[in-house]
Amino acid sequence: MSTSTQADNVDAHERDQFAAMASTWWDREGPMRPLHDLNPARLSYIMRAVNLNGSAVLDVGCGGGILAESLARQRAQVTAIDIADEVLDVARLHGMESGIEVDYRHSTVEDFAVVAPAAMDVVSCMEMLEHVPDPAAVVSACAAIARPGAELFFSTLNRHPLAFALGIVAAEYVLGLLPRGTHHYQRFIRPAELAAWCRQAGLQVMDISALHYNPLTRRASVGGRPLINYLLHARKPDH
Ligand code: SAH
């Protein structure tokens, strides 16, 4: 059963599930293996659209910091937020080992929007929207944090039968790539829904692309129809 406190848009069951996986976050052969495999493709998607060097970036739902560290390696000034203390501890420890500086903070994106409105050049929110009770509110908070002219990047899973077959049945039950119960089909988001939430938040949708993942070769690539995993790039108009 999922429990959620609508007030802070956090599903406590989801948070606890990620917290339980914190210690294996950086194990490339562990339960977070797909995130490690997807990371180069999503990083290059971001880098095609923005120059990260010196940019102020917020990574929302950062987990153990896989994307956040890779953004900081490109010389971005990265702040990264999550609501699970355990994963933030792992992220901070890993940062000390790797010498990559990221400012990790315990916060919901809605709270962060109150303290840092229009503060960031880039906002990324990857593989997180499908874990929250009200994803549209997350998109709107991301938009509030972005400065005019900023670029935003989201990734999630499409509520399409193929995503059920491959993203849940194959990944969790057949191949055992992800722990069972990681994803819930009804929380997956159609690209048109995510695009509509972006527009409602005053953002311009620049691109929607599939994020293909082949678990056998462990290669990820961007492009094509967004049937399963996909990326969305949006821009906050500067007027
Ligand atoms: N974005 C990272 C981690 C994805 S896993 C990556 O792609 O590499 C999803 C993360 O979202 C988990 O760390 C979980 O704790 C976090 N999360 C879940 N609900 C959240 C919420 N309401 N606010 C912020 N983070 C949340």
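The structure is a predicted model, in which local features need pLDDT of at least 70 and side-chain atom pairs count only at pLDDT 80 or more, while totals for chains, interfaces and linings use all residues. Residues are numbered from 1 along each chain as its sequence is written, and side-chain values use heavy atoms, with hydrogens and water left out.

Helices (H or I, at least four residues) are DSSP runs numbered from the N terminus. The axes of α6 (residues 135-145) and α8 (residues 191-200) come within 9 Å and cross at roughly 45 degrees; axes are lines fitted to C-alpha atoms over the stretch in contact, with angles from 0 to 180 degrees between N-to-C directions. α6 and α8 are therefore oblique to each other, a class left after roughly parallel (under 35 degrees), roughly antiparallel (over 145) and roughly perpendicular (65 to 115). For helix α2 (residues 33-49) and helix α3 (residues 66-73), the packing angle is about 40 degrees and the axes are 10 Å apart. This pair is therefore oblique as well, and α2 passes α3 in a right-handed crossing.

The ligand is surrounded by 16 residues, the closest being Asn9, Arg42, Gly61, Asp82 and Met126; a residue is included if one of its heavy atoms lies within 4 Å. A ligand nitrogen atom is 2.7 Å from a polar backbone atom of Gly61, and a backbone N or O atom of Met126 lies 2.8 Å from a nitrogen atom of the ligand. The protein buries 99% of the 570 Å² that the ligand exposes when taken alone (Shrake-Rupley method, 1.4 Å probe).

Key: A polar contact is a pair of N or O atoms within 3.5 Å; within protein, one must be able to donate a hydrogen and the other to accept it, and residues adjacent in sequence count only if both atoms are side-chain atoms. Helices (H or I, at least four residues) and strands (E, at least two) are DSSP runs, numbered from the N terminus. A crossing is left-handed if the near helix is turned anticlockwise from the far one by less than a right angle, and right-handed if clockwise.
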